[in-house]
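Hi,

Here is the structure I promised to pass on. Have a look at it first, and then read my notes below.

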Amino acid sequence: MALGKFKLALKDFEAVHKARPNDKDAKAKYKECQKLVNQIAFQRAIAVEAKTVDLALEVESTLENMKVPNEYDGPHLENGQVTEDFMNDLLTAFKDQKKLHQKYAYQIMIAIKKYLQTQPSLVDISVPLDTKFTVCGDIHGQFYDLLNIFQLNGRPSADNPYLFNGDFVDRGSFSVECILTLFGYKLLYPDRFYMSRGNHESVNMNQMYGFEGEVKSKYSSKMVDLYTEIFNWLPLCHCIEGRILVMHGGLFSEDGATLDSLRTLERNRQPPESGAMCDLLWSDPQPQPGRSPSKRGVGIQFGPDVTHKFLKENKLDYVIRSHEVKHEGYEEMHSGKCITIFSAPNYCDTMGNKGAFITLTGGDLKPNYTSYEAVSHPNVRPMAYANPLLSMLS
């Protein structure tokens, strides 16, 4: 169920309900899952006619008639353009729990989709000699911890570039604030601010873990669908100076992957359950050699021999990935050649972990780690917008 395999889960819930017809818990889970399956079937049915429609273009055609009321006291886009002043005002507004008006949210989303459509699936990044570059891992809707990263390491700028390595949304209940902030900085500094897709930038995860519910609560169902269009265009990985490959998940279920093959990988879709795109979003390292089935049920686990062979074949120094909670916010495996970075401290307000980010200096590109504790946030619990079935399963 947690993987979004709703029909398979429904069969199991149905079997348990039949075996235990008087069990209230089994009945409640069965009914909730059945409701979700029916809802998805209905959504797919009504989407068939509209599947050829570009929602971004449809929304863009309505923007002129979308009025911003005089009493709105939040940030304003001037001529539809993101500026440094706008971003500063946006962070202040979000920190004070104010909403960005939907017209401006849509303008940012339409602009970011147009930009991402021009990008390859693997984006090459240059880090000039003696300049700093920062890599962050999962944020998961923890907006106030995102602000703390900027407090510790400086806000993004032309001289302070960042790569955020997927899983911007879900679980934390300020995912809208996180994603609009990151999209805004991507538009402001397109060649100095980068975003990779994570496994949570997908429909199934968003339905279960809160982003869909949060967007519907703060904006609309139509905006949910537009986010889906945008997430499909996020790059899958980045290569820093031809020496470091950065992806959300990990390496591959089969040998032979090359950087050129990753650059042309078809990505405008929902993540498949196997193949290179799936592995980039879902896989994890393991200490023992070889490959193993993933404990997650999707992707694989890969050993140090897999990592070293991939690096040698592609003339890389090491890989950076995210996707897993680590006590200090980071972990080195495979003799330092596979680094995990996770930037959501005290994950879901329960894990007690630190967050971390990596800074690299152009030239040697050796990783330097900064760990930090969680900061306080408004009294909105994590998973507040998640599917109610998850609370039944916990």
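Leaving out residues up to four places away in sequence, Val 127 touches Phe 133, Ile 240, Glu 241, Gly 362 and Leu 365, where a contact means heavy atoms within 4.5 Å. Val 127 sits in the loop between strand S1 (122-125) and strand S2 (132-136). Because its relative accessible area is 4%, Val 127 is buried (buried is under 20% relative accessible area, exposed over 50%, partly exposed in between, with a 1.4 Å probe and protein chains only). Leu 365 is 238 residues away from Val 127 along the chain, yet their C-alpha atoms are separated by 8.7 Å.

Before I go on: this is a predicted model, in which local features need pLDDT of at least 70 and side-chain atom pairs count only at pLDDT 80 or more, while totals for chains, interfaces and linings use all residues. Numbering runs from 1 along each chain as its sequence is written, and side-chain values use heavy atoms, with hydrogens and water left out.

Asn 22 is another loop residue, placed between helix H1 (6-19) and helix H2 (24-47). Asn 22 counts as exposed because its relative accessibility is 75%. From Asn 22 to Lys 218 it is 196 residues in sequence and 38 Å in space, C-alpha to C-alpha.

Now the whole protein. There are 14 helices and 14 strands, taken as DSSP runs numbered from the N terminus (helices: H or I, at least four residues; strands: E, at least two). The radius of gyration is 21 Å, which agrees with the value near 21 Å for a compact globule of 394 residues; that radius is taken over C-alpha atoms, and the globule rule is 2.2 Å times the number of residues to the power 0.38. The C-alpha trace spans about 60 × 55 × 45 Å along its principal axes. Of the 394 residues, 54% are buried. Among contacts with a separation of 6 or more, 74% are between residues 24 or more positions apart.

As for the inside, the largest nonpolar core has 59 residues, and those touching the most other members are Leu 100, Phe 143, Phe 164, Ile 179, Leu 180, Phe 183 and Tyr 227. (Such a core is a set of buried Ala, Val, Leu, Ile, Met, Phe, Trp, Tyr and Cys residues joined through side-chain atoms within 4.5 Å.) Another core lies apart from it, with 42 residues, among them Ile 40, Trp 282, Val 319 and Ala 386.

Cheers
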